[in-house]
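User: Could you walk me through this one? I would like the overall build first, and then how the chains meet.

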2 protein chains.
Amino acid sequence: MESIPTKQDILAAADRIKQHIHRTPVMTSRSINDLLGTRIFFKCENLQKAGAFKFRGATNAILSLPDKMARWGVATHSSGNHAAALSLAAKIRGIPAFIVMPRTAPRIKIKAVQSYGGKITFCEPNQAARESTLERIVRETGATFIHPYNNYTIIAAQATAALELLEDVADLDMVIIPVGGGGLLSGTALTAHYFTNRVKVIAAEPEGADDAYRSIKAGEIQPSVNPKTICDGLLTSLGSRTFPIIRKYVSAIHTASDPDIIHAMRMIWERMKIIVEPSSSVPLAIIINNKLKVAGKKIGVILTGGNVDVERLPWNVDEKNSDKVTEQQSDKETTQRPI
Amino acid sequence: MESIPTKQDILAAADRIKQHIHRTPVMTSRSINDLLGTRIFFKCENLQKAGAFKFRGATNAILSLPDKMARWGVATHSSGNHAAALSLAAKIRGIPAFIVMPRTAPRIKIKAVQSYGGKITFCEPNQAARESTLERIVRETGATFIHPYNNYTIIAAQATAALELLEDVADLDMVIIPVGGGGLLSGTALTAHYFTNRVKVIAAEPEGADDAYRSIKAGEIQPSVNPKTICDGLLTSLGSRTFPIIRKYVSAIHTASDPDIIHAMRMIWERMKIIVEPSSSVPLAIIINNKLKVAGKKIGVILTGGNVDVERLPWNVDEKNSDKVTEQQSDKETTQRPI
């Protein structure tokens, strides 16, 4: 796809991936609503296959490849949900997925990719090594590089999560979406633009990785420099294809601190009995901290993923362990250049 | 209700509680199915209000009370999910719920009851103190005692979880249900008997609290003596109203060890991204351990509850802590006499 997805592109993506994805439920919690004086509708993409909305984009990208390209497989560099999603989606089409991962990636992420049949090549934990390793893999295998977000076919598919939410819940006032590279945010913004005339789209970002916040204020993409946050899914910079859509169609962006994000995450676990990762919890953190006028409003939130190491929960981590977390994360990405 | 619930009683209960409960989703996991070579349909009562199927029974019991009794409120002794469910259900009708809890009850259970407006009276952690304190409360307040399971109005409502599961999934071969006091098991057995002609009902019990297993083998109720298991919802003995139904309509009963239950629990958390308590995980533990012929079968499992202290997960508990768990649990109930 060579230009910004149209309404028809989003509907076509929804149709293409329909039989392969879970139609995830929309959940509500009376106790959270009573506590916050609002009505929140949680679209549970943490219950999506491979544990995150990323499976929508990966499936659409893989099913959209012409046969003569698809046969050589797909490739990406990622230590996160996109890698697992791409591996599982490749399995559907019976083609290989080549995944470049930093050798320091958490064991649980490596296991996830392996369990879906992804072929892993390890590299040094820096951006240059990732890119050069990926280039070599693509050259050697003929696989097609599928970028996790800076790709219109991906964006069109991420847009389908909000489309389902709008089908299930009438008269939403706003939708709040976490932002990392901006794939889900830009897709959601397009869906709100094409299919509604009143739903505002709000971005939610960790304070410690506030490059989207700075980019929107500056009017041009600012890199994610040395991000420090527990939200391992939101470390990346915006892309050349996501930023213009975000700039045009997103109404506002707010940030939340890691302690507030962990508090929100725990609230979702304890009151809704579902597992969400820290990145999913930023929108609720923003609501809890009164960054928005929400009284009496109907609010949509997409719970983006549920891939968490249940042996290392943020509220159980002692000081020694929490050092480890930071180290691991800063290994992963020190400066993320915009694309 | 003075006799074993009829088909009409179950349908009436479903109708009575319908607008107050969540219609919980039925979830499947392709990875769990592939791993075990079967098809499991999980009815997610962990996502029910108050975090457990118990809310069905509590709501039915409270809505069934005549006005002249209801006005004085309801009472029970419980440190578990029934106490929280009864407190929340009482709120619906605007009546008080008096809860007798052992003073050693986990803080998280106390908090849950309080958050739903239940009025707690603490007592010594033994059965005699519980019963005498409850008797005093009932005498002083005029509240109606609602037993957690040995009550036909409760049983008729617990039967509605399986009724919804049967509506959502055609052609199940069997349903596997954890057994403590037998409220859910007897209700499910009645539903299978009245509404299907092929679904077998199988009971699942922790090895360390195998009184239902022994009762079925002996043909009469055996008490739960000094139960030792992580499944804090399954410590109680069968009741005079649940056992005859179970004896007549349940096809088989199997037990699982605590390590196997914890393994199954973790599989549900990691692969399905939902929070279930240990008691919910016994049926899957039994399937994993090949206690049943499941190849190619369609199996229903009711995930009974999701009330877990997320700071004390079994796979994170060190030896010192796991001593504490045992101590707390054996405080709760040393011998549970049948009712």
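**Overall build and chain contact**

Analyst: In chain A, 53% of the 339 residues are buried, where buried means that 20 or more other C-beta atoms lie within 10 Å of the residue's own, with C-beta atoms placed from the backbone. This is a predicted model, in which local features need pLDDT of at least 70, side-chain atom pairs count only at pLDDT 80 or more, and totals for chains, interfaces and linings use all residues. Residues are numbered from 1 along each chain as its sequence is written, and chains are lettered from A and ligands numbered from 1 in the order in which they are written.

User: What is the radius of gyration of chain A, and what does the globule rule give?

Analyst: The radius of gyration of chain A is 18 Å, close to the 20 Å from the globule rule for 339 residues, so chain A is as compact as a globular protein of that length. The radius is taken over C-alpha atoms, and the rule is 2.2 Å times the number of residues to the power 0.38. Along its principal axes, the C-alpha trace of chain A spans about 55 × 50 × 40 Å.

User: How many helices and strands does chain A have?

Analyst: Chain A has 14 helices and 12 strands, counted as DSSP runs numbered from the N terminus, with helices being H or I of at least four residues and strands E of at least two.

User: Switching topic, how many residues does each chain bring to the contact?

Analyst: Chain B and chain A each bring 16 residues, two residues being in contact if their C-beta atoms, placed from the backbone, lie within 7 Å. On the side of chain B that touches chain A there are 8 nonpolar, 4 polar and 4 charged residues; Ala, Val, Leu, Ile, Met, Phe, Trp, Tyr, Cys and Pro count as nonpolar, Asp, Glu, Lys and Arg as charged, and the others, Gly among them, as polar.

User: And what rotation superposes chain B on chain A?

Analyst: A rotation of 180° with 0.0 Å of shift along its axis superposes them, with RMSD 0.0 Å, by least squares on the C-alpha atoms of residues with pLDDT of at least 70 in both. That is the relation of a two-fold axis.

User: Which C-alpha in chain B is nearest the axis?

Analyst: The C-alpha of Ile274(B) is the nearest in chain B, 2.1 Å from the axis. The same surface serves both copies, since 100% of the contact residues of chain B recur in chain A.

Definitions and conventions:
Buried ≥ 20, exposed ≤ 12 C-beta atoms within 10 Å, placed from the backbone.
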